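Subject: Structure handover

Hi,

Here is the structure for your files. My notes on what was found follow below it.

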Amino acid sequence: MRLLPQLIENNRKWVSNVNNADPEFFDRLSRGQSPELLWIGCADSRVPANQILGLLPGDVFVHRNIANVVVHSDFNCQSVIEYAVSVLKVKHIIVCGHYSCGGVKAASENHHVGLIDNWLRHIRDVRQKHETVLDAIEDEGEKFDRLCELNVVEQAYNVCHSTVVQKAWQRNQELAVHGWIYSIGDGLLKDLNVTISKPTEIAAAYRVAIDQQIA
């Protein structure tokens, strides 16, 4: 329990440091938010959106879940997308996975984990869909990395086909969807060549992303 009082103390120090650097920072935040980015990422504690991007509180609207999955039946995620697009008017949606993802690894194995198996079914569907490509990779580490990448591509594809994003494009709202992946080992982001700003770009961007090889 000693950790919790320390966290409160850490908070006090952080507030003091922020106020010293920018006395009006919290006053500005209290007036509302107008981020240009929606980040859909993994809940892994090693992948914090703001720090990775070098941005401050208020700059990124964030949704995180196990293995950065976006499915149409997840009303939590879909509600976040709707609020970000329709209310906040974000200009970019970034789906960001990461290498060494525990959720992807669990989905790639054939034993039962527990309740999370129902969630991992979505990633197992990705694995099955791209089974031919994955089976052609002999190195198990590379195969795992490729599945992490393919999962990002598929989830970005799902974002593009969500009713909220489709309607935004129909009304010519400025909005682009991106697929990125993060390396915990070196802290670097990689663009998976999934950048889509209108419906007519979906098919081509999807093919490019699926066909690329691990760099």
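**A buried glutamate and the salt bridges**

Glu149 is buried, at 0% relative accessibility. Buried means under 20% relative accessible area, exposed over 50%, and partly exposed in between, with a 1.4 Å probe and protein chains only.

Before the rest, the ground rules. This is a predicted model, where local features need pLDDT of at least 70, side-chain atom pairs count only at pLDDT 80 or more, and totals for chains, interfaces and linings use all residues. Residues are numbered from 1 along each chain as its sequence is written, and side-chain values use heavy atoms, with hydrogens and water left out.

Back to Glu149. The side chain of Glu149 forms a salt bridge with that of Lys190 (3.2 Å, N to O). Glu149 lies in helix H8 and Lys190 in strand E5, so the pair ties together parts that are 41 residues apart in sequence. A salt bridge here is a side-chain nitrogen of Lys or Arg within 4 Å of a carboxyl oxygen of Asp or Glu. Helices (H or I, at least four residues) and strands (E, at least two) are DSSP runs, numbered from the N terminus. Arg146 joins Glu149 and Lys190 in a network of salt bridges.

The whole structure has 10 salt bridges.

- Asp117 and Arg124 meet through their side chains at 3.7 Å, N to O, in a salt bridge. Asp117 is buried at 13% relative accessibility. Arg124 is buried too, at 10%.
- Glu140 and Lys143 form a salt bridge at 3.7 Å, N to O. Both lie in helix H8, three residues apart, about one turn of the helix. Glu140 is exposed, at 54% relative accessibility.

Which residues of H9 are buried? They are Val164, Val165, Ala168 and Trp169. They cover an arc of only 130° around the axis, which puts them on the same side of H9. The arc is that of the directions from the helix axis to the C-beta atoms. The face turned away from that buried side carries the exposed residues Thr163, Lys167 and Gln170. The cover over the buried residues of H9 includes H4, strand E3 (92-98), H8, strand E4 (176-182), E5 and H10. Contact means heavy atoms within 4.5 Å.

Now the packing against H4. Helix H4 (residues 75-87) and H9 pack at an angle of about 15°, with their axes 9 Å apart. That makes H4 roughly parallel to H9. Ile81, Glu82, Val85 and Ser86 of H4 make the contact with Val164, Val165 and Ala168 of H9. Axes are lines fitted to C-alpha atoms, for helices over the stretch in contact, and angles run from 0 to 180 degrees between N-to-C directions. Angles under 35 degrees count as roughly parallel, over 145 as roughly antiparallel, 65 to 115 as roughly perpendicular and the rest as oblique.

**H6 against H8**

H6 and H8 pack at an angle of about 105°, with their axes 10 Å apart. They are therefore roughly perpendicular to each other. On the H6 side, the contact is made by Ile123, Val126, Arg127 and Lys129. On the H8 side, Leu147, Leu150, Asn151, Glu154 and Gln155 make it.

**Helix H10**

In H10 (residues 202-211), Ile202, Ala205, Tyr206, Ala209 and Ile210 are buried. They cover an arc of only 130° around the axis, which puts them on the same side of H10. These buried residues pack against helix H6 (117-129), helix H8 (140-160), helix H9 (163-170) and strand E5 (189-196).

**Backbone points to check**

Most residues other than glycine have a negative phi. Where do the exceptions listed here sit?

- Asn172 has a positive phi of about 60° although it is not a glycine. Asn172 is in the loop between H9 and E4, just after H9. Asn172 is exposed, at 70% relative accessibility.
- Asn193 also has a positive phi of about 60° without being a glycine. Asn193 is in strand E5. Asn193 is partly exposed, at 43% relative accessibility.

One more item: Gly102 lies in helix H5 (residues 102-108). Gly102 is partly exposed, with a relative accessible area of 46%. Gly102 and Ala67 are 35 residues apart in sequence and 7.6 Å apart in space, C-alpha to C-alpha.

Best wishes
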